[in-house]
Amino acid sequence: GFLLTVGLFLLAAAGSEYIRASKIILDAQTQSTSLLNSSFFGSSLLIVLVQSFFSFLLSWITYAGVLFFVSRFFGDKSGSLRPFLVIVGYVFSALVVYYAITAVLIATLPEIHFEMSTWTSGKSEDINKVFNEMWGSTFASQASSYLGIAYQFWLVVLGSIVVHTSREVKWGSALMISVAAYFASVLITTFLSLLTFA
């Protein structure tokens with residue numbers, strides 16, 4: 001079951017990246033081509049999927065670990081970490097839904113054109129400037145921001161349900177534990193990500 005969640009997550013992430021790439025047109029002097037048809041897409045898709053997979057694993061293990069150890073202070077001290085990790089893994093099915101809805105929102109965006117020299121330069125500030133100018137004010141872009149907040153809230157609620165049912169903790173305490181575990185896991189994963197990619 002949890003492997004299915006991981007597989008669906010990777011499929012949703014790949015679909016979102018595919019749709020995004022279909023909206024990007026690279027303009028050269030004599031012709032224009034979709035990013036999908038360029039050599040850039042295959043390599044960037046693999047990188048995005050690998051980074052997404054490791055980010056998923058890091059977030060899952062960190063959130064589940066913090067949630068487990070914090071909840072032990074408030075509830076049943078028995079039980080092992082391994083089955084708890086698996087149960088919390090299902091909580092991240094919310095991320096699959098998040099990516100799927102994001103893909104639908106991206107599909108509504110207009111095509112965006114980049115000069116080939118701008119895209120190949122790798123200067124993220126120039127690329128992000130074009131994205132912000134073309135897509136920043138669209139409904140899909142605004143909705144994506146709110147969707148990210150909704151995903152975080154949903155994750156915390158699902159985490160509190162896991163703590164309440166598996167550790168026999170009262171609802172109020174379970175919610176506080178889940179919130180604390182979420183923010184602690186965000187800090188830890190951010191720190192570990194900085195160390196990894198520094």
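Analyst: On a 1 Å grid over the protein atoms alone, a pocket is an open set of points with protein on both sides within 12 Å along at least five of seven lines, and its lining residues have an atom within 4 Å of a point. Keep in mind that this is a predicted model, where local features need pLDDT of at least 70, side-chain atom pairs count only at pLDDT 80 or more, and totals for chains, interfaces and linings use all residues. Residues are numbered from 1 along each chain as its sequence is written, and side-chain values use heavy atoms, leaving out hydrogens and water.

User: Which residues lie nearest the centre of the largest pocket?

Analyst: Look for Ser 55, Ser 59, Phe 92, Leu 95 and Tyr 151, which are part of a lining of 18 residues. The space in there is about 370 Å³, counted as what probe spheres set on the grid points fill.

User: Which helices supply at least two residues each to that lining?

Analyst: Helices are DSSP runs of H or I with at least four residues, and strands are runs of E with at least two, both numbered from the N terminus. Here the suppliers are H2 (39-72), H4 (93-107), H7 (139-167) and H8 (171-197). H2 gives the largest share, 5 residues. By type, the lining of the largest pocket has 11 nonpolar residues, 7 polar and no charged. (Ala, Val, Leu, Ile, Met, Phe, Trp, Tyr, Cys and Pro count as nonpolar, Asp, Glu, Lys and Arg as charged, and the others, Gly among them, as polar.)

User: What is the volume of the second largest pocket?

Analyst: About 300 Å³. This second largest pocket is lined by 18 residues, with Ser 16, Arg 20, Thr 102, Ile 106 and Ser 144 closest to its centre.

User: At what angle do H4 and H7 pack?

Analyst: Two packed helices are described by the angle between their axes and the distance between the axes. For H4 and H7, the angle is about 170° and the axes are 10 Å apart. That therefore makes H4 and H7 roughly antiparallel, a label for angles over 145 degrees. Their contact (heavy atoms within 4.5 Å) includes Leu 95, Thr 102 and Leu 105 from H4, and Ser 144, Tyr 151 and Trp 154 from H7. That contact has 13 nonpolar residues, 3 polar and no charged.

User: In what order do the strands of the sheet run?

Analyst: The order is E2-E1-E3, in an open sheet of 3 strands with mixed pairing; strands pair if DSSP finds at least two bridges between them. E2 (32-34) and E3 (112-115) sit at the edges with a single partner strand each, so one side of each has no neighbour in the sheet. The twist averages 30° from one strand to the next. E1 (24-27) and E2 run antiparallel, joined by 3 bridges; in one of them, Ile 25 partners Ser 34 of E2.

User: How many helices and strands are there overall?

Analyst: The protein has 8 helices and 3 strands, running α-β-β-α-α-α-β-α-α-α-α from the N terminus. Its C-alpha atoms fill a box of roughly 70 × 30 × 30 Å along the principal axes.

Note on methods:
1 Å grid on protein atoms, 1.4 Å probe; cavity = no way out; pocket = protein on both sides within 12 Å on 5 of 7 lines; lining within 4 Å. Axes fitted to C-alpha atoms, helices over the stretch in contact; angles between N-to-C directions. Parallel < 35°, antiparallel > 145°, perpendicular 65-115°, else oblique.
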